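Welcome! Let's take a walk through a protein together, going from its pockets to its sheet. Have a look at the picture first, and then read on.

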Amino acid sequence: MIFDILTIFPDFFRSPLREGVLHRGIEAGLISVNPVNLRDFTSDRHRTTDDRPFGGGEGMVMKPEPILRALESLQISPSDAKVILMSPRGRVFDQSIAQELAEQGRLVIICGRYEGIDQRISDHCVDMELSIGDYILSGGEVAALVVMEAVCRLVPGVLGCGDSARNDSFSNGILEHPHYTRPRSFRGWEVPQVLLSGDHAAIAKWRRREALRVTMCRRPDLLERARLDPEDLKLLDELREEKH
Ligand code: SAH
């Protein structure tokens, strides 16, 4: 998977790409991240990437030419890559979009700054606008990192153990069960007995029940869309009884 990130702050990505899962994916040759400095595609002495808005008003707008030139320099055709613009007006990013994007071979991510980018780029060169939530950041770089990190975990082979992504919260429509590690007793706080029992069926059932419980309490909206089997529905009934 190739990520091309169009930004005026390419150095922003240095440290995050040297740590954790992104780093491992790069080292293993499974992903490659190419920060593209938009200033390299300007034609004036000051390497200007922004200008005042037509119609007046506050703030600056990112000029279309450097963005289009940077896109052209990548020589991609619509079939090899999706062009994504990070924007608070986009589709709200979630695990199902991450999954959809992980199936692509190449993602080009445009990071806005200031008031955002000239609308004509969005209208003519962008396949998808993505928001990471209903709040305003100062730039698209953090948002691009969020998307890269979520997508990169789903690229086959990037995670050490395939199962860890499959069980994650959201992957099967609900939140994940709680985790415990050693010591068994810590400051008098005990690990649930069933996890020490060695009874794999009982552990699986407990985990499913706790996943359903936390989802029911914190994110009941997810339960309405989740894929639940008859056993889950039975567990949910029990949990509702317990709650009352
Ligand atoms: N004036 C714009 C906000 C611009 S913020 C508006 O009100 O909609 C500057 C840049 O930060 C945006 O172009 C976008 O690339 C990025 N950005 C800000 N908030 C974001 C969010 N929630 N999700 C994704 N990108 C965001």
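Keep in mind that what you see is a predicted model. We begin with the second largest pocket, which holds about 400 Å³ of space. Try to find D94, Q95, S96, F170 and L222: among the 14 residues that line this pocket, these lie nearest its centre. Two helices, α3 (95-102) and α8 (220-225), each supply at least two residues of the lining. The largest share comes from α3, with 3 residues.

Where along the chain does this lining come from? Domain 1 (2-161) and domain 2 (185-243) each provide at least three residues of the lining of the second largest pocket. Sorted by class, that lining has 4 nonpolar, 6 polar and 4 charged residues.

Now turn to the largest pocket, with a volume of about 500 Å³. Its lining is made of 26 residues, and the closest to the centre are M86, S87, P88, E115 and G116. Which elements give two or more residues to this lining? They are β5 (82-92), α4 (119-125) and β7 (128-131). Of the elements, β5 gives the most, with 5 residues. By class, the lining of the largest pocket has 11 nonpolar, 10 polar and 5 charged residues.

The strands β5 and β7 also lead us to the next stop, the sheet. This is an open sheet of 5 strands with parallel pairing, and its order is β2-β1-β6-β5-β7.

Let's zoom in on one pair of strands. β5 and β6 (residues 106-110) run in the parallel sense and pair over 4 bridges. For an example you can find in the picture, take I84, whose bridge partner in β6 is I109.

Finally, look for a helix lying against these strands. Helix α5 (residues 141-152) packs on the sheet, where it touches β1 (2-7), β2, β5, β6 and β7. The direction of α5 makes about 175 degrees with that of β1. To tie two stops of our walk together, remember β5: this strand gives the most residues to the lining of the largest pocket, and in the sheet β5 stands between β6 and β7.

Technical notes
Residues numbered from 1 in each chain as written. Predicted model: local features only at pLDDT ≥ 70, side-chain atom pairs only at ≥ 80, totals over all residues. Heavy atoms only, no water. 1 Å grid on protein atoms, 1.4 Å probe; cavity = no way out; pocket = protein on both sides within 12 Å on 5 of 7 lines; lining within 4 Å. Points joined across faces, edges and corners; volume = space filled by probe spheres on them. Nonpolar A, V, L, I, M, F, W, Y, C, P; charged D, E, K, R; others polar. Domains from an automatic or database assignment. Pairing = 2+ DSSP bridges. Contact = heavy atoms within 4.5 Å. Axes fitted to C-alpha atoms, helices over the stretch in contact; angles between N-to-C directions.
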